[in-house]
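Trainee: Could we go through this model together? I would like to start with the terms and then work towards the metal sites.

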Amino acid sequence: MGAEVTFHILGSSSGGNCALLTTPGCRVLIDIGFPARRLNDLLKPTGLRLAEVDAVFITHEHSDHTCGLASLARHPHVHVFANRETARVAQTRLRFRPQWNFFETGSTFSFRDLEITSFSVPHDASDPVGFVFSMGVAAERLRLAWCTDLGYVPELVRERIRGVDVLVLESNYDPDMLDRDHRRPWALKQRIKSRHGHLSNHAAHELLRTTENAAWRRVYLAHLSRECNDVQLVRDTFAALGKNGHRFAIEVVDPAAAGITCGLDAL
Ligand SMILES: [Zn+2]
Ligand SMILES: [Zn+2]
């Protein structure tokens, strides 16, 4: 499976989010939160160019997830998957009409050899979702969840992500660092902390610690705030989890670094 499926997190933070998933049948992006030039730079180590991408899956309309849609004006073949509300808002910022493919939130649908399930997440956007991507057949089946930008973890979300092999989960902020931050106005801090904001390190840790019978083999902690979180702090916070009988390895996505290649060969 590993040789046929590749996964690269090109970048993940409030500054931009995008991942590349390739299978024998397609090459897709999950979110497209970087402008064209930056996107092509981030794609370079993967050996692919934006022109070779078949589809983009959009979680919600915030610009750190969609600002690269503008670059698709030059690549009209790219299918853009989103629910109608997300597409409607994203479209208002575009001068062209991408090849929208609408899905119903909560539904399961296919694209080439991928099966995709969307699930609703609590976040201050029009109709924000997370995704589960399934690929391969039978025993070789690999499932991957992309779950960022949520204020808390409803039971439904926990159920959706429980069975995946690879989980990308938001661990956005450390509450003390957020409280001490001088740049963010009070109202913004309240929004981040709200039930429609972002997951704190504590909330992400709680989810990983308390989810029973999880199938996870690898967990990527992503969408870290550059100013209100710290990579080493997150590593330290989650270090003990691996020693508690959990089977999964944890990797922290550095918001300041360019992409990471997520080797799936060992899975
Ligand atoms: Zn975001
Ligand atoms: Zn967002």
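Mentor: Two strands pair if DSSP finds at least two bridges between them. Strands (E, at least two residues) and helices (H or I, at least four) are DSSP runs, numbered from the N terminus. This is a predicted model, in which local features need pLDDT of at least 70, side-chain atom pairs count only at pLDDT 80 or more, and totals for chains, interfaces and linings use all residues. Residues are numbered from 1 along each chain as its sequence is written, chains are lettered from A and ligands numbered from 1 in the order in which they are written, and side-chain values use heavy atoms, with hydrogens and water left out.

Trainee: Which residue in E9 is the bridge partner of Phe119?

Mentor: Strand E8 covers residues 114–120 and strand E9 residues 129–135. The two run antiparallel and are joined by six bridges. In E9, Phe119 finds its bridge partner in Gly130.

Trainee: In what order do the seven strands of the open sheet lie?

Mentor: The pairing in this sheet is mixed. Its edge strands, each pairing on one side only, are E7 (108–111) and E13 (249–252). Across the sheet, the order is E7-E8-E9-E10-E11-E12-E13.

Trainee: What angle does the direction of H7 make with that of E11?

Mentor: Axes are lines fitted to C-alpha atoms, for helices over the stretch in contact (heavy atoms within 4.5 Å). Angles run from 0 to 180 degrees between N-to-C directions. Helix H7 (residues 201–210) packs on the sheet and touches E11, E12 and E13. Its direction and that of E11 make an angle of about 150°.

Trainee: Now the metals. Which residues are the protein donors of the zinc ion (ligand 1)?

Mentor: Donors are N, O and S atoms within 2.8 Å of the metal (3.2 Å for Na, K and Ca); water is not among the atoms, so sites may look incomplete. For this ion the donors lie at 2.1 to 2.2 Å, with the sequence spacing D-H-x83-D-x73-H. They are Asp64 (OD), His65 (NE2), Asp149 (OD) and His223 (NE2).

Trainee: Is Asp149 buried or exposed?

Mentor: Buried means under 20% relative accessible area, exposed over 50%, and partly exposed in between (1.4 Å probe, protein chains only). Asp149 has a relative accessible area of 1%. That makes Asp149 buried.

Trainee: What is the phi of His223?

Mentor: Most residues other than glycine have a negative phi. His223 lies in the loop between strand E12 (218–222) and helix H8 (231–239). Though not a glycine, His223 has a positive phi, of about 55°.
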